[in-house]
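Subject: A structure for you to look at

Hi,

Here is the structure I promised to send over.

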Amino acid sequence: MRMRNHLAFGFYLLISGFAWTQLALFLVHETTEFNPEWGVLQYCLSALQEETLIHQVVRIGLNILIAYSASSLISSVIQQFTLAKHWRNQIKTRYNHERTAQMRHQFEEIGSKITVIDHEGIVAVTYGFIQPRIVLSSKVLDDFSDREIAAIVWHENYHCRNLDPLRSLILQMMKTSLPFLPILQKLAHYIQVWMELLADRYVIRKLNNPHDLACVLLKCSQQVRVVPLGSVGFADVAINYRLQQLIHPKQKIKVPVLKSIPVVNSILMLTLLAGILVSGCS
Ligand SMILES: [Zn+2]
């Protein structure tokens, strides 16, 4: 399943990368004299230069699309980095030296990646895009048993090793900036659910039983949790699938991804972007 999730992420990058390349090539052509020969959208450029109504409409439409996508992408990046900065400051001011040292000693294998902060809410996240670290609140250490804390730490360690906060950031940025490709929403959900399920499978392998993890998930689902943006939380989007995996470990989990309407819509949009449907393209 790990390979399948990597493939899904690669497919996601391929679709969003293709869409953004076409938009960027069109923008470059509109603003400069550059006429890209290798861009698929360039098939339409000659047609778009003609002064007929349909071509003008398509041209304005593409400009609006680019303006919307670019502003969504920029605002999404600014939002994520502002929140990340705010969260970094919170960690600095709430840092608990004694409990951090104790946790790092207890989980020597993971070591300096663990940080404990003084916080009255349940915080158990992997945070940081390039060098992810595990952040736990003092309430987590107070409310959960040693084995439950181990389940949380190993789960978050899996996210660290896979750079899941960075992957989540990319998923978020692309699906926000390209809302006309609904398949990206479905694929992002699929990838995020499997990020959680794979992290849980890693915990079960490490602890040799699913019991402690199930206790943590049930406790988390009953309490108000603090999950800062720009991070991967312990229990969020995938909680129902995760409980299903623990209760029926042999049952195959199906996360819907290729629903017909989003797929058809996305294919139509990609085709339109590729310029094949626009009349007069050659
Ligand atoms: Zn998680």
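Helices α6 and α9 pack against each other at an angle of about 85°, with 8 Å between their axes. Angles of 65 to 115 degrees count as roughly perpendicular, so α6 is roughly perpendicular to α9. On the α6 side, the contact is made by Arg147, Glu148, Ala151 and Ile152, and they meet Asp212, Leu213, Cys215 and Val216 of α9.

Before you go further, keep in mind that this is a predicted model.

**A closer look at α6**

This helix runs over residues 146-161, which is 16 residues. From its first C-alpha to its last it reaches 22 Å, close to the 22 Å expected at 1.5 Å a residue. Is α6 mostly covered or mostly open? Mostly covered: twelve of its 16 residues are buried. Among them are Ile149, Trp154, His155, Tyr158 and Cys160. After the helix comes Leu163, and its phi is positive, near 50°.

**The nonpolar core**

Ile152 turns up again here. The largest nonpolar core has 43 residues, and the ones touching the most other members are Val123, Leu136, Val140, Ile152, Leu184 and Ile191. Several elements supply at least two residues each, including α1, α6, α7 and α9, along with the strands β1, β2 and β3. Which helix gives the most to this core? That's α8, with ten residues.

Leaving aside its neighbours within four places in sequence, Val140 is in contact with Ile122, Val123, Ala124, Ile149 and Ile152.

**Stepping back**

Overall, the protein has eleven helices and four strands. Buried residues make up 30% of its 282 residues. If you take contacts between residues at least 6 apart in sequence, 65% of them join residues at least 24 apart.

One thing comes from a record: the unreviewed UniProt entry has a "transmembrane region" annotation covering residues 7-28, 60-84 and 257-278. In the model, residues 7-28 are 100% helix and 0% strand, with the end C-alpha atoms 31 Å apart. Residues 60-84 are also 100% helix and 0% strand, and there the end C-alpha atoms are 36 Å apart.

Methods. Residues are numbered from 1 along each chain as its sequence is written. This is a predicted model: local features need pLDDT of at least 70, side-chain atom pairs count only at pLDDT 80 or more; totals for chains, interfaces and linings use all residues. The expected span of a helix is 1.5 Å times one less than its number of residues. A residue is buried if 20 or more other C-beta atoms lie within 10 Å of its own, exposed if 12 or fewer, and partly exposed in between; C-beta atoms are placed from the backbone. A nonpolar core is a set of buried Ala, Val, Leu, Ile, Met, Phe, Trp, Tyr and Cys residues joined through C-beta atoms within 7 Å. Two residues are in contact if their C-beta atoms, placed from the backbone, lie within 7 Å. UniProt positions are given in the numbering used here, feature names are shortened, and annotations may be inferred rather than shown by experiment. Axes are lines fitted to C-alpha atoms, for helices over the stretch in contact, and angles run from 0 to 180 degrees between N-to-C directions. Angles under 35 degrees count as roughly parallel, over 145 as roughly antiparallel, 65 to 115 as roughly perpendicular and the rest as oblique.
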